[in-house]
Every structure is written in structure tokens, then in C-alpha cells.
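Keep the 3D view open as you go.

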Amino acid sequence: MSTAPVALTTQQRSVVLVTPDADLRQRLTDRLCSMRWNVFTAAGGAEAMAYLSNSAPEAMIVDHWLPDLDAAEFKDYASAMCPETDLLQMDGSASAGCVRSARRNELLHAIREVHDAGEATSVPSALPLKFDGPTWLQAPIAIPPLEPVPKVADSAAFGLPFLIPQNDVVQEHRNGTRPLSGPVEVRMNLPEIVGDAQQMRELARVIRLIAPHNVSVLIKGETGTGKELVAKAVHRLSARAGKPFVVLNCAAIPEHLLEAELFGHTRGAFTGAVASRIGRIEAAHGGTLFLDEIGEMPLPLQAKMLRFLENGEIQKVGENDAVRVDVRIVAATHQPLEQNTANKLFRLDLYHRLAVFPVDVPALRERAEDIPMLAEHFLRRLGEAAPRRSMTPEALGALMAYHWPGNVRELGHVLQRGVILCGEDAVLPEHLRMRDPQSTSWLSPG
């Protein structure tokens, strides 16, 4: 006896707005709510998919660009999940093959009003608005007297641990050869993160949750785990994505120059200061400053950094006036900062300021199932500058058996050596030269 697929009931007069433009979301939401529409807003595809897995809206309006998914692919997934939903774009055009809502013109009218008022900054002016008929533009739309005015849905009510169906699944569903039974799971991988282990899925979910919030983030993890890539993902998915992403490695700059590098200096402030210069904090104004190896910051400078985090003002070396700067701080460390605070090596108050939201990046040995995917990723990248090399199952087995003290960075270096040593052949175990941590000799796999 077969079980019928679970179908989501289409909720009338409900619409999902999917756009990273917060101003556009708010203005279009206000207009649609005044027209008695139930509105759910989402800054990206992950939030929208979370809503769609629980309820099928009457309509959905999607921006031409999304921060976490390709917009075209997202619309394919949305059509497969909710085939009875009217799918519109922010320029007013409808997706090919989608159903038409009886109230589509109301939605188009709202889009047009917001656009004509010059308030929808996310709608490109070069794109003409496409509407289905001229008559409704000249006459007011009759709005049913629905009470009360619907409340905007809160995206925090929906979790995000979903898996996106592969394109063949979506196509088979559209062709009627494979029904979707139950909610469609959506995997929200990030381009900065390679891996499918549960820890990496959770990391991607956490990044998406914290990125829109203007809070300090402390990324913790061993050397070589990819902490800077996590910081870049946080910046890319935030409202600051169009502003600078500035990096400063606190361990790479001499202690006596680190303050000037961070806060800037005036001409003649110290020997060698032949000209005034802005610091990394001021250079990141409006964007994100990534402080790598924050545990290496000297204690005297930590106090000045704490003052900046408290009041948002910096004072250049050799200058009396303070300058207000808008910067989000994302820091990273491989050190146990909690233990360092107990040993008076790191200020406890600064630690709490930085770790408003701590993020742990797993070591490679904790997600060994990702090694084949990572190996393929590195071989593909190495193949961009030279002929592509393959790897034998025995070589992959050697990679799986290694403990990777240098994590993903070490894996990349090992594969680069292997590609060089293998010549024009496939990478064999003997081409993988990995260090024995107990000695200075090279391991000889196989």
C-alpha cells in the first residue's frame, strides 16, 4: 500500500519577500500589510526555505540576487516545493511556468508603488517593470476588508537545518516522475566552506544566523582550519558586504608598530613616520575588520582596543582628537583565551567584548569524512594552472589514515607536493610526503 505524498496547503493572502535589502523589505512589507497581506520576510534563501518547508504561500517575491544561493536555483527549488505558489521577481515579472495568483495584480501594484516612490534601492533602475495589463494601473484596487491587519512573520521561528534537493530531483518532480513526500530538506552550503560533515553543516548554519547581526564574533580553532574563510563568509552575508573587509594578523607585526597599524598615526609621531597614515580600523569603516591571532595582541594595546569597542572611537598615534568609526570586529585565535585570561595573559573584559558570539571551527581529524571532498577541491584548483591530476584509491586511503596536525592547510600543501612529484601520472601514496610529528623525517605511505 503506497503512501500519498504530503502536500502543503496553500495559505491565501500570504506572501514571502526574499531580498537582502532590508530597506526594500520593510517598505514593501508596510505596503502589502496595508493591503491585508500576511507577509513573511527573508534576507536570503535559507530563511525562505525554512518557511516553505512548513507552509506554502499564495505568492513569493524574489530579488534578482541572494547572498547565500543562486537566485535562479532558489526559484527552481521553491517551485518544486510549492508548485501552487505564484513566483514573482522584484522587477514585476513572473517565473516561467508558475501558477497565477488571483491577486497577482495587487502584488504588482505594491511593487510598482514602492519603485515609483524612489524608495526601493534594491530594484535596478535599468530593469523595466513588467506588468500584465494596463487597466489596473489606472484604477484603485478593491481590498477585501480583512481584520485584523496581519502581523509580519518572524523568521527566527523557523530552524535552518535543511538539505536542498539536487537538480535532478527537482526536474523529476516537475516532470511528475517523482513526488515530493513531506517537507523538502535544504542543504545550505557556503562557497567558503568545503565539507559535508555534520560539524560543517552546523558551522554554515551558525554563520548564516549571526552574519546579519552587528555583533562581534570570536572564531576559535586550530591553525589551518580556515578561520579567515569563516570570517569572510560572515562579512559576505552581512549588510556590510559592499564595504571593506580588512585583515590584520596581530602576530605578524612587531609589537611597537602594531598600535600605529591598528589606529593610524600622524606625521612625526615616531621615528620613521614621514607621513600621516590611517590605521586598519579606519580603513574598514562601514565594513569588517578581521583580527587574526588576537591572542598575540600585547596587553597595553588590548586596553586601547577595549576602549574602541566600548565607544566606537579611535585616536591616532600622535593625535589628540578622537574619530568615530563604524566597524564590525571579527577576531580569531588558536589559543585558549579563557585560560589566558586566568593567567593574566589576556584581558577578561576584552575577551567578553570579542566573544559576543563565539564560533568553533572543527579540526580536520574531527571530520575525516570530508577529506575526499577536500582532496577533489584542491586537485581541481591545482588543475587550473597545470594539467589536472587524478589520485589513486590507495593515495586517498593514505590521506584518510593521516592525523593532519596542520588541518586543511596541510592537506592542500600535501596535495600540491603530490601533484609536483607525480609528473604526468596519477598521484600515488609515495607521492604524498607527510611529516611524522614524532621526528623530523617524512612519512612514506605505502
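Let's start with a pair of helices: α14 passes α15 in a right-handed crossing (right-handed means that the near helix is turned clockwise from the far one by less than a right angle, left-handed that it is turned anticlockwise). The touching residues are I371, P372 and A375 on α14, and L396, L399 and M400 on α15, where contact means heavy atoms within 4.5 Å. Sorted by class, they come out as six nonpolar, no polar and no charged. For the classes, Ala, Val, Leu, Ile, Met, Phe, Trp, Tyr, Cys and Pro count as nonpolar, Asp, Glu, Lys and Arg as charged, and the others, Gly among them, as polar.

Before going further, a word on what you are looking at. This is a predicted model, in which local features need pLDDT of at least 70, side-chain atom pairs count only at pLDDT 80 or more, and totals for chains, interfaces and linings use all residues. Residues are numbered from 1 along each chain as its sequence is written, and side-chain values use heavy atoms, with hydrogens and water left out.

**The whole chain**

The chain holds 16 helices and 15 strands. Both are DSSP runs numbered from the N terminus: helices are H or I with at least four residues, strands are E with at least two. Of the 446 residues, 48% count as buried. Buried means under 20% relative accessible area, exposed means over 50%, and partly exposed is in between, using a 1.4 Å probe and protein chains only. Take the contacts in the chain with a separation of 6 or more: 71% of them join residues 24 or more positions apart.

**How helices cross**

Back to the helix pairs. The table shows three of them; axes are lines fitted to C-alpha atoms, for helices over the stretch in contact, and angles run from 0 to 180 degrees between N-to-C directions.

| Pair | Axis separation | Crossing angle |
|---|---|---|
| α14 (residues 371–382) and α15 (residues 393–401) | within 10 Å | roughly 120° |
| α1 (residues 22–34) and α4 | 10 Å | about 130° |
| α7 and α8 (residues 227–236) | within 8 Å | roughly 40° |

What do we call angles like these? Under 35 degrees counts as roughly parallel, over 145 as roughly antiparallel, 65 to 115 as roughly perpendicular, and the rest as oblique. With axes crossing at roughly 120°, α14 is therefore oblique to α15. The label oblique also goes to α1 and α4, and to α7 and α8.

The crossing of α1 and α4 is right-handed. On the α1 side you'll find L24, R27, L28, R31 and L32, which meet L107, H109, A110, I111, E113 and V114 in α4. This contact has seven nonpolar, one polar and three charged residues.

The crossing of α7 and α8 is right-handed too. Here L203, I207 and I210 of α7 touch V230, A233 and V234 of α8, a set with six nonpolar, no polar and no charged residues.

How far apart are the end C-alpha atoms of α4? They sit 18 Å apart, which agrees with the 18 Å that 13 residues (104–116) should span at 1.5 Å a residue; the expected span is 1.5 Å times one less than the number of residues. The buried residues of α4 are R104, E106, L107, L108, H109, A110, I111 and V114.

Helix α2 (residues 45–52) is mostly covered, with seven of its eight residues buried. Those are G45, A46, A48, M49, A50, Y51 and L52. What do they pack against? Their partners are β1 (10–18), β2 (38–42), β3 (56–62), α3 (71–81) and α7 (198–210).

**Some single residues**

Most residues other than glycine have a negative phi. Now look at R13 in strand β1: this residue is not a glycine, yet its phi is positive, about 60°. R13 counts as buried because its relative accessibility is 7%.

K344, in the loop between α12 (337–342) and α13, also has a positive phi, near 60°. Is K344 buried or exposed? It counts as exposed, at 66% relative accessibility.

Finally, find A355 in the loop between α13 (348–354) and β13 (357–360). A355 counts as buried, at 16% relative accessibility.
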